[in-house]
Structures are given as C-alpha cells and as structure tokens.
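Hi,

Here is the structure I promised to pass on. Have it open while you read, and my notes on what turned up follow right below.

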Amino acid sequence: MGALARALLLPLLAQWLLRAAPALAPAPFTLPLRVAVAVSRGASPTLGARAASVPPAAPPEDSLALALEPAGGAANFLAMVDNLQGDSGRGYYLEMLIGTPPQKLQVLIDTGSSNFAVAGAPHSYIDSYFDTERSSTYRYKGFDVTVKYTQGSWTGFMGEDVVTIPKGFNSSFVVNVATIFESENFFLPGIKWNGILGLAYATLAKPSSSLETFFDSLVMQAKIPDVFSMQMCGAGLPVAGSGTNGGSLVLGGIEPSLYKGDIWYTPIKEEWYYQIEILKLEIGGQNLNLDCREYNADKAIVDSGTTLLRLPQKVFDAVVEAVAHASLIPEFSDGFWTGSQLACWTNSETPWSYFPKISIYLREENSSISFRITILPQLYIQPMVGAGLNYECYRFGISPSSNTLVIGATVMEGFYVVFDRARKRVGFATSRCAEIAGAPVSEISGPFSTDDIASNCVPTLPLKEPILWIVSCSLMGVCGIILLILIILLLLPFRCQHRPCHPEVVNDESSLVRHRWK
C-alpha cells in the first residue's frame with residue numbers, strides 16, 4: 001500500500017513543485033510527462049559538496065609559473081584567478097569599469113562573437129547600464145551597429161571609452177564599445193550581466209572586420225601575448241540557481257594552477273569563430289561510425305557563450321539513440337532528449353550512474369595523431385534549481401542545431417581551455433574545478449592514430465552561408481551581362497554622335513557585407 005501511494009503521489013508532488021519554481025533556466029521547459037522513480041541498483045554517486053567549487057588558493061607570487069609571461073607590468077595574473085562568476089545556464093561574466101568616472105558593469109564572456117557591447121539604457125531584466133552622458137571620456141563614432149545571435153539580437157550606438165578590468169590589470173585601455181539601446185531576447189530574466197564581451201576574431205565583428213575588437217586593443221595597449229585561457233567552475237551544480245559559481249579568465253597567459261596534466265592542442269581551421277576539426281564521437285566507448293564530415297559541416301566551434309553541447313541534427317539523433325541504448329533507463333520520454341521536459345529522481349539517488357561517457361576526438365597539431373576529451377554524465381545530465389523535499393530534476397545538456405557543432409559550456413566546464421591565437425590553436429586540459437565530491441567529471445587521453453580517419457574532415461567548400469554563395473553567383477551573372485552591354489556600346493559609338501548625349505552620373509556605393517551569425 002505504501003509503494004502504491006508513493007507511485008501515485010510522487011508525480012503530483014513533482015508537478016506542484018515545478019510550477020512553484022517559475023524560472024528554471026533561460027530556455028523554457030515544460031512539465032515532465034514522466035517522473036522517473038529511483039530504482040535501487042546498488043551504490044550510485046551522490047551529489048555532494050564539490051571539493052574545488054572555488055579554484056585553489058593562488059600560490060605565492062614568487063612561485064607563480066605562467067607558460068606565457070607578458071612584457072611589462074600592466075597585467076596581474078594572480079588577480080585573474082577566480083575573476084568570473086556565473087553558471088552554464090546564464091553564462092559566465094566578468095566585472096569591468098567603463099568611462100570616467102568609472103561605472104561598474106558585468107559582461108558575459110563569449111568566444112563565439114566579436115563585439116563588445118553594454119546596456120546603454122534601462123531594461124526590466126538588468127539592474128544597471130552604462131550612461132554615456134556621465135562619462136567625460138566617451139566618444140560617439142557616428143554610426144549604429146546591430147548584432148544577431150542564434151538567440152536574440154541587439155542594436156547600439158558605436159563609440160569608444162576607457163575601460164578597466166579590476167581583477168587583472170593595473171591600468172585602463174581605450175576600446176570600441178557599443179551601447180545597446182534596443183534588443184530582442186538578449187537580456188533574459190534572471191541574468192546577472194548587463195553586457196557582452198566577444199572574444200572571437202575581428203572577421204565576425206559588426207558592422208565590419210575593420211572594427212578593432214576588445215581583445216586586439218588589449219593585446220596592443222597592454223602588450224600581452226595574443227592568447228587567453230578560460231576555466232568555468234559549474235560542474236554538477238544546479239543550472240540557473242540562486243547562487244553563482246566561480247571561474248577564471250586569464251587574458252594574455254596560461255595559469256598552471258588551474259589545470260592538471262598536459263594541455264593538448266588542436267589547430268584552428270579558420271580564424272573567425274574558434275573553428276576546430278572533430279574526428280569522431282564515442283558514446284560509452286562505442287564509435288558512432290558517422291562520416292567525420294558530418295561533425296564539421298558546416299563548422300565545429302568552441303563557444304563559451306553557448307549553454308549546451310550543440311550537434312548537427314544527424315549527429316544529435318545518433319547520439320540520443322546511443323545514449324538511450326547505453327543508459328539503464330528503459331522507455332525514456334522523448335521530451336527529455338529534446339529539452340522540453342525535465343526528469344526527476346528522489347534525492348536519495350542521482351541518475352548519473354545510469355548514463356554513459358561521451359568522448360570527442362580532436363586532431364592534434366601533428367595531423368597523424370589525435371586526442372580525445374571525455375565528459376562524464378555529471379556534465380551533460382544537469383541538475384536544475386533544487387525543487388526541495390524528496391526529489392531533484394535534471395535536464396539533458398545536449399541539443400540539436402541546424403548545421404553547426406558547438407562545444408559550449410556543457411563541455412567547457414570540464415576543461416581548462418586555451419585560446420592560443422598567436423599559434424592558431426585551441427588547447428584543452430583537465431580543469432581542477434571539474435570535480436564532484438572529489439571525483440573528476442572529465443578526462444583527456446591520447447595520442448591515438450588517425451590512420452582510419454580521413455586526412456581532412458572539414459568539407460573543402462563548406463556552405464557557411466548558402467545565401468552568400470547564391471548572391472555571389474547572381475552578381476557574377478549580372479556583371480557578365482553588364483560587361484557584354486558595355487562591349488556592344490563601345491563597338492557602336494557613332495549612335496551618340498547624331499543626337500545630344502546626356503550621360504547620367506551613377507554613384508553606386510553598395511557593397512556585399514558578410515554577416516556571419518552564431
């Protein structure tokens with residue numbers, strides 16, 4: 001009788017509690033159709049206090065070892081340790097001071113875009129904004145800029161002003177900054193940042209690549225190496241909870257105290273996003289056996305501004321099938337895989353032991369070998385805001401995309417990631433804070449031979465922007481017609497001699513701008 005009562009009451013209790021928690025995450029979630037009741041399967045990992053939820057105390061300054069030591073004394077790398085806050089659901093952000101006198105703002109760190117922008121007007125979802133009229137050093141550049149992302153967009157006035165990064169630099173720098181006066185689905189409920197710092201290449205900058213990016217300005221003015229590294233410490237902690245997790249953004253260097261073991265590097269295939277080459281995926285040690293070009297068409301990128309691990313639809317379907325097959329949970333609800341539903345278990349048991357590891361193979365700098373980064377279920381079966389009482393709910397930290405593979409926060413929280421722009425490579429090492437109850441939730445191993453993999457898994461002519469190709473071909477056709485007409489007119493000059501000629505001055509300043517969106 002007791003078991004029957006629990007089976008009947010638990011789903012009702014779950015519905016009531018989930019409705020009482022209105023803001024689970026930036027993306028909408030609907031009530032799970034099925035609440036999974038924990039089944040005794042022997043010992044399983046429990047959610048405990050994370051031993052390294054705060055990065056370890058920095059060593060004394062005289063023993064600090066940096067792989068890349070900047071010239072001059074503008075940067076303070078010790079202060080950059082634990083300079084981030086946030087979580088995978090709402091992003092990781094950095095404190096900045098902008099203008100004269102300085103105004104304090106929090107900016108989202110995004111390696112998938114290139115513009116630096118802050119709120120320039122009040123908004124219902126943010127607590128502060130940058131008031132340009134209060135800054136004596138602000139200068140408007142005379143034009144607006146619009147940036148569109150996979151989700152959301154904004155339009156702002158482009159200007160420049162001085163900025164200071166309190167946790168890391170001893171001086172101020174003049175940078176381009178957009179002040180947002182209009183946005184759509186960009187500022188979301190529950191966020192704790194009011195700007196965005198794009199750290200990708202200038203190729204992606206709007207309105208054009210001629211706009212100097214924040215990091216390019218920093219490299220030149222602070223005289224730091226063209227490299228930065230990032231650690232996101234949210235592994236196993238509730239997504240979009242009331243608190244914040246730590247993290248580190250090291251601008252201009254690599255901090256050895258933030259990672260374990262070696263750093264494995266993979267080449268950057270093209271300098272726009274941080275585009276890399278994926279060779280294969282394994283679920284529970286089993287190869288998906290897809291053509292490696294499926295992982296890289298249209299591109300595979302590393303993007304701290306994306307919450308989940310996003311996979312092209314064909315790859316996503318194969319991963320879901322393999323994870324469902326390898327898991328110990330029969331007939332799991334489709335809504336869980338698509339992100340529309342959560343799954344709940346009693347607090348006495350966590351579901352992580354039921355799911356397989358996921359491994360991503362990357363080509364090493366030596367193209368004949370590869371290495372793999374592996375995430376445990378603790379990273380992609382993500383606890384949501386605690387519902388309290390006797391159960392906890394989780395979401396699937398992987399989602400489909402139209403054509404891009406995005407290594408987002410779901411994966412990045414397991415690793416210390418190095419963006420070595422100077423040597424055109426991205427590095428991965430095991431993060432010291434990627435632990436739950438003292439047990440690591442990520443792994444790196446290698447080298448492995450690439451003899452059984454194509455020499456190039458990136459399509460020769462990736463259709464990064466099909467519309468751009470269509471427009472380009474159309475313009476070529478139009479130019480051909482115009483050239484033919486000009487040749488005919490040159491061969492028939494006498495017609496103009498028999499009547500007054502009134503040539504019309506045409507000033508065509510139109511240009512084709514490459515818009516690359518996340």
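**Cysteine pairs and buried strands**

Cys 344 is buried, and Cys 393 is buried as well. One thing to keep in mind before going on: this is a predicted model.

Those two cysteines form a disulfide, with 2.0 Å between their sulfur atoms. If the term is new to you, a disulfide is a covalent bond between the sulfur atoms of two cysteines. The torsion about the S-S bond of Cys 344 and Cys 393 is about 90 degrees, so this disulfide is right-handed. Cys 344 sits in strand 18 and Cys 393 in strand 22, 49 residues apart, so to speak a link between distant parts of the chain.

Strand 18 (residues 343–346) and strand 22 (residues 391–396) also pair with each other, antiparallel, over four bridges. Look for Ala 343 there: it stands opposite Tyr 394 in strand 22. In a regular strand, side chains alternate between the two faces of the sheet. Strand 18 is covered on both faces, with Ala 343 and Trp 345 buried on one side and Cys 344 and Thr 346 buried on the other.

How many disulfides does the count come to? Three. Another joins Cys 233 to Cys 433, S to S 2.1 Å, and with -90 degrees about the S-S bond that link is left-handed. Here Cys 233 is in strand 9 and Cys 433 is in the loop between strand 26 and strand 27, 200 residues apart. Both of these cysteines are buried.

Then there is the disulfide of Cys 292 and Cys 457, sulfur atoms 2.1 Å apart. Its torsion is about -95 degrees, so this one is left-handed. Cys 292 and Cys 457 are both buried too.

Now have a look at strand 26 (residues 425–431). Seven of its seven residues are buried, so the rest of the structure largely encloses this strand. Strand 11 (residues 259–267) runs antiparallel to strand 26 and is joined to it by six bridges, with Tyr 265 opposite Gly 427. Strand 25 (residues 415–420) is also antiparallel to strand 26, again with six bridges, and Phe 415 stands opposite Thr 430. Strands 25 and 26 make a hairpin with four residues between them, and Lys 424 in the turn has a positive phi of about 55 degrees.

Last, the largest nonpolar core has 113 residues, of which Phe 116, Phe 169, Ile 278 and Phe 428 touch the most other members. Helix 5 (residues 313–326) gives the most to this core, six residues.

Cheers

Key:
Residues are numbered from 1 along each chain as its sequence is written. This is a predicted model: local features need pLDDT of at least 70, side-chain atom pairs count only at pLDDT 80 or more; totals for chains, interfaces and linings use all residues. Side-chain values use heavy atoms; hydrogens and water are left out. Buried means under 20% relative accessible area, exposed over 50%, partly exposed in between (1.4 Å probe, protein chains only). Helices (H or I, at least four residues) and strands (E, at least two) are DSSP runs, numbered from the N terminus. Two strands pair if DSSP finds at least two bridges between them. A nonpolar core is a set of buried Ala, Val, Leu, Ile, Met, Phe, Trp, Tyr and Cys residues joined through side-chain atoms within 4.5 Å. A disulfide is a pair of cysteine sulfur atoms within 2.5 Å.
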